Amino acid sequence: MQTQSITQKLANPTRFMYLSGKILPWLAGAALLCIAYGVLLGFQTPPDYQQGETVKIMFIHVPAAWLAMMGYGLVAVSSFGLLVFRHPLADVSAKSAAPIGAAFTLLALVTGSLWGKPTWGTYWQWDARMTSVLILFFLYLGLMALRSSLEDEALAGKLSAVLALVGVIILPVIKFSVDWWNTLHQPAGVMKGALDPVFLQPLLISAIGFSLAFFALHMQAMRNEILRRRVKARQVMEVDRASHEQGAQA
Amino acid sequence: MTQTLLALVGRDLRLAVREGGAIGTALGFYLIVVTMLPLGLGPDLKLLSKIAPGMLWIALLLAALLSLNRMFEADDEDGSLDVLATGPAPLEAVTAAKALAHWISTGIPLTLLAPLLGLLLNLDLEAYGPLMATMLAGTPAISFLGSVGAALTLKARRGGLLVALLVLPLYIPTLIFGISAVSAVVLDTGGFKPAFLILSAISLGSLVIGPLAAAAAIRLQLQ
């Protein structure tokens, strides 16, 4: 007997609805606990010798920035799945991930700006990292605008997928922008051991919590989208039936 | 196939010249936007010469954007896009030919007009050469990345405004390196060459990505 991969099994929306319904409460609960614990730990950290209390913003800013990029990665992978494998849930996934990713991008931009004022003395600086993240935000907006401007939903999904794949180039640019152009934003130090364990622990817990929250939101958004499509299909069927009956009477 | 593509480029160029309006509108727009700047900023010649490279580049981007959404639209309306899609040449080559025609009919005229507008903005004398060079190297990226936006919005409502929203983020790297190459000459900081090389690399990359993505988008919409 042929074994099915997980993605193949999930191709059935009914099965996806059943599984996600089971998983979602646990996922959301775990996200809530992790974020709460991360915030608690974060408030207990001592002030940094350079940044003072503002270092606590990092516990939100860094996970949000990671997820902003991961969100676009998810949109891109889903788009690839739609265009190449025609996976029925890929379009639902890409559509649901875009607004969530855009929200995290905005969160990263806003928290970074609030942190920059006391530390760098300015809310905004046109350095490479900030500019490239801002472009990422615009790409998210473009994806959503393109999707909303087309009547035909299937076509809108495929065209957004093409645009998402073109925009993928921005991800390595963001990742390496701090290394290529040595401008204001400091290079990432989390993976290189540049961070004291006192700060590292709450940061990692908060990052796990944010990631879980992202997936919980994404799953819920996908469920909503599937339900919305079912309702729409029912409505279309109902209209068809009614018009047939009228035709029969006349 | 080469003959088909050459014929297609020739046809698009003849259309751009004879249809009227296409090239002239872009040039007129470029001229009027650059003329408005000193009126808005005040006729401070020092300030103008400092911001001239950036202003010339940004106005050029906007002027080129104007004609983008007609790239495939006219052919879609009269059905010739279906003929092209089923013709002997692959659709990728067709979109590349149309983007090339757009570059010749928009990118090159705008680049030729730029030094004249540089006079209005008191651009440094030594910056004219680098400005023309960066624009010639950078405008292909505008046409080829723009063809993706034009193809994506073929059937969209409010296509014209949407093209700007989709395409301008993709133009930002071109803009950044185009301006930093000219600024390096104006401010005499050195660093013209690396910025110019990256700009050329972006243009070359867009020659590959643009036609592929545009053809994929058109194929999806013609089905």
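This is a predicted model: local features need pLDDT of at least 70, side-chain atom pairs count only at pLDDT 80 or more; totals for chains, interfaces and linings use all residues.
**The interface between chains A and B**

The size of an interface is often given as the accessible area lost when the parts come together. Between chain A and chain B the buried area is about 1,800 Å², and carbon and sulfur atoms give 80% of that area. On the side of chain A, Ser149(A), Leu159(A) and Val166(A) together supply 26% of the area that this chain buries against chain B, which is more than any other three residues supply. The table lists the counts for this pair of chains.

| Item | Value |
|---|---|
| Residues of chain A in contact with chain B | 20 residues |
| Residues of chain B in contact with chain A | 22 residues |
| Salt bridges between chain A and chain B | 0 salt bridges |

The elements of chain A that give two or more residues to the side touching chain B are α5 (128–148) and α6 (153–167), and the largest share, 8 residues, comes from α5(A). Sorted by kind, the residues on this side of chain A divide into 14 nonpolar, 4 polar and 2 charged.

**Helix α3 of chain B**

Helix α3 of chain B covers residues 45–66, and its 22 residues, at 1.5 Å a residue, should span 32 Å, which agrees with the 29 Å between its end C-alpha atoms.

**A charged pair in chain A**

Side chains of opposite charge can pair when their charged atoms come close. Over all chains, a search of the whole structure finds 18 salt bridges, and one salt bridge joins the side chains of Glu225(A) and Arg228(A), at 3.0 Å from N to O. Both residues lie in helix α8 (residues 197–249) of chain A, where they are 3 residues apart, or about one turn of the helix.

Technical notes. Residues are numbered from 1 along each chain as its sequence is written. Chains are lettered from A and ligands numbered from 1 in the order in which they are written. Side-chain values use heavy atoms; hydrogens and water are left out. Contact means heavy atoms within 4.5 Å. Buried area is the accessible area (1.4 Å probe) that two parts lose on being put together, summed over both. A salt bridge is a side-chain nitrogen of Lys or Arg within 4 Å of a carboxyl oxygen of Asp or Glu. Helices (H or I, at least four residues) and strands (E, at least two) are DSSP runs, numbered from the N terminus. Ala, Val, Leu, Ile, Met, Phe, Trp, Tyr, Cys and Pro count as nonpolar, Asp, Glu, Lys and Arg as charged, and the others, Gly among them, as polar. The expected span of a helix is 1.5 Å times one less than its number of residues.
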